[in-house]
Amino acid sequence: MGYNEQERAFIEWYPRGYGVGFRVTERLLETQTKYQRLELYRTEGFGRLLVLDGTVQLVEVGEESYHEPLVHPVMLAHPNPRRVLIIGGGDGGTLREVLRHRSVERAVMVEIDEMVIEVSRLYMDVERGAFEDPRAELVIGDGVEYLKNTEESFDVIIVDSTDPVGPAKLLFSEEFYRSAYEKLNERGLYITQAGSVYLFTNELLDAYRAMKRVFDRVHYFSFPVIGYASPWSFLVGVKGDVDFTKVDLERAKGLDLYYYDPERHETLFQMPRYVRLLLERGDEGE
C-alpha cells in the first residue's frame with residue numbers, strides 16, 4: 001500500500017487485492033501528525049491528493065463527487081436545515097457545501113486533527129473560504145466526546161470520517177448513533193459515509209443494523225466517488241417527520257451541482273441486488 005517511487009504512483013490497496021491508484025508527478029509532503037500519517041502528492045490529472053494512514057481522502061479534481069452526495073441530499077430533504085454539525089471533514093469540503101445553503105445559520109465542524117486542516121488550507125483548494133464564514137465554528141477535538149457533551153441540538157448531523165474500520169469504528173457504534181439521535185431536533189437527519197459497497201459489505205451491514213436500532217427510519221444509498229473503490233455507500237438516519245426519498249427542487253436550483261442530481265434523487269437508492277437482499281434480510285431479523 002502507498003507510494004511506489006519506481007512507478008511514480010500512489011496505490012491504495014483494498015481487501016481481496018483490489019486497488020485504486022493515481023500517477024504521481026511530485027511528492028509534496030509526508031509527516032506524522034498527533035493521530036495519523038499524512039501524505040500529500042501532486043497527481044498527473046487530478047490535482048493534489050491527500051492521504052491519511054495510507055488511505056485516499058480526496059483528490060482536488062473531482063472531490064465534489066464525494067462532498068455533494070454527502071451533504072446535499074440530506075440538506076435538501078430536510079425542510080429547514082438551520083443548525084448543522086459536521087464531525088471530521090478536515091479538508092473543509094463538507095463545510096463548504098453545507099454553507100452553500102442559505103437556510104444555515106450555524107455550522108459547527110469538529111475535527112480531531114488540526115494538522116489536516118492546516119495542510120488542506122495551505123496546499124489544497126477545497127474549503128474556498130468556508131472557515132472564514134461567520135456562520136461557521138471550528139472545534140479542534142474528539143467528535144465522539146463533543147457529541148456526547150454538547151448541549152446544542154441540530155437539524156442535520158454529517159459524519160465525514162475515515163473508513164468504518166480501525167480508529168473510526170467508534171463513529172459507527174450504536175452508542176454513537178444514540179448520542180446523535182438525542183442531539184437531533186424533533187425533525188432531523190444524520191448521514192455518514194459507510195465504505196465501499198463491494199469491499200466493506202459486512203461493515204455496511206453492521207452499521208445499518210446498528211442504526212436501525214436507534215433511528216426512526218434508515219436509508220442506504222451509493223454513489224461513484226473519484227478516488228474510492230466505487231460504488232461508495234452512505235447511510236442516512238431519520239428522526240421524526242422527514243421524508244428522505246424527496247428533496248426540495250426549488251432550493252436545489254441555486255446550487256449548480258456537478259455530480260449529485262437532485263432531479264434524479266431516486267437513482268441514489270440503486271444498490272447491487274445481493275446487497276439490497278442482505279440489507280432487507282437484516283430488516284426482517286430485527
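Modeller: Exposed means over 50% relative accessible area, and buried means under 20%. Keep in mind that this is a predicted model.

Colleague: Is Asp256 buried or exposed?

Modeller: Asp256 is found in the loop between α7 (249-252) and α8 (273-285). Its phi is near 50°, a positive value in a residue other than glycine. The relative accessible area is 69%, and the cut-off is over 50%, so Asp256 counts as exposed.

Colleague: What is the phi of Arg16?

Modeller: Arg16 sits in the loop between β2 and β3. With a relative accessible area of 71%, Arg16 is exposed. Arg16 is not a glycine, yet its phi is positive, near 65°.

Colleague: Is Gln36 buried or exposed?

Modeller: Gln36 lies in the loop between β3 and β4 (37-43). Leaving out residues up to four places away in sequence, Gln36 touches Thr31, Leu52, Asp53, Asp113 and Val116. Its relative accessibility is 11%, and the cut-off is under 20%, so Gln36 counts as buried.

Colleague: How many aromatic pairs does the structure hold?

Modeller: Ring pairs link Tyr14, Tyr66, Phe200, Phe221, Tyr228, Trp232, Phe234, Phe244 and Phe269 into a cluster. For the structure, the count of aromatic pairs is 18.

Colleague: Why is the pair of Tyr14 and Phe200 called tilted?

Modeller: The ring centres are 6.1 Å apart, and pairing needs them within 6.5 Å. The planes stand at 50°. Under 30 degrees would be stacked and over 60 edge-to-face, so this pair is tilted.

Colleague: How many residues apart in sequence are the parts that this pair ties together?

Modeller: Both Tyr14 and Phe200 are buried. Tyr14 lies in the loop between β2 (9-13) and β3 (19-32). Phe200 lies in the loop between β11 (184-196) and α6 (201-212), so the parts tied together are 186 residues apart.

Colleague: Which ring has the charged end of Lys239 over it?

Modeller: The distance from that charged end to the ring centre is 4.7 Å. The ring belongs to Tyr181.

Colleague: Which strand gives the most to the lining of the largest cavity?

Modeller: About 30 Å³ of space lies in that cavity. Its lining divides into six nonpolar residues, two polar and one charged. Among the lining residues are Gln57, Leu58 and Val59. With three residues, the top contributor is strand β6 (residues 55-59).

Colleague: Which peptide bond is cis, with omega near 0°?

Modeller: Look in the loop between β12 (217-223) and β13 (232-239), where Pro231 lies. The cis bond runs from Ser230 to Pro231.

How values were computed. Residues are numbered from 1 along each chain as its sequence is written. This is a predicted model: local features need pLDDT of at least 70, side-chain atom pairs count only at pLDDT 80 or more; totals for chains, interfaces and linings use all residues. Side-chain values use heavy atoms; hydrogens and water are left out. Rings of Phe, Tyr and Trp (its six-membered ring) pair if their centres lie within 6.5 Å; planes under 30 degrees apart count as stacked, over 60 as edge-to-face and the rest as tilted. Helices (H or I, at least four residues) and strands (E, at least two) are DSSP runs, numbered from the N terminus. Buried means under 20% relative accessible area, exposed over 50%, partly exposed in between (1.4 Å probe, protein chains only). A charge sits over a ring if NZ of Lys or CZ of Arg is within 6 Å of the ring centre and within 35 degrees of the ring normal. On a 1 Å grid over the protein atoms alone, a cavity is a set of points where a 1.4 Å probe fits but cannot get out, and a pocket is an open set with protein on both sides within 12 Å along at least five of seven lines; lining residues have an atom within 4 Å of a point. Grid points are joined across faces, edges and corners, and a volume is the space filled by probe spheres set on the points. Ala, Val, Leu, Ile, Met, Phe, Trp, Tyr, Cys and Pro count as nonpolar, Asp, Glu, Lys and Arg as charged, and the others, Gly among them, as polar. Contact means heavy atoms within 4.5 Å.
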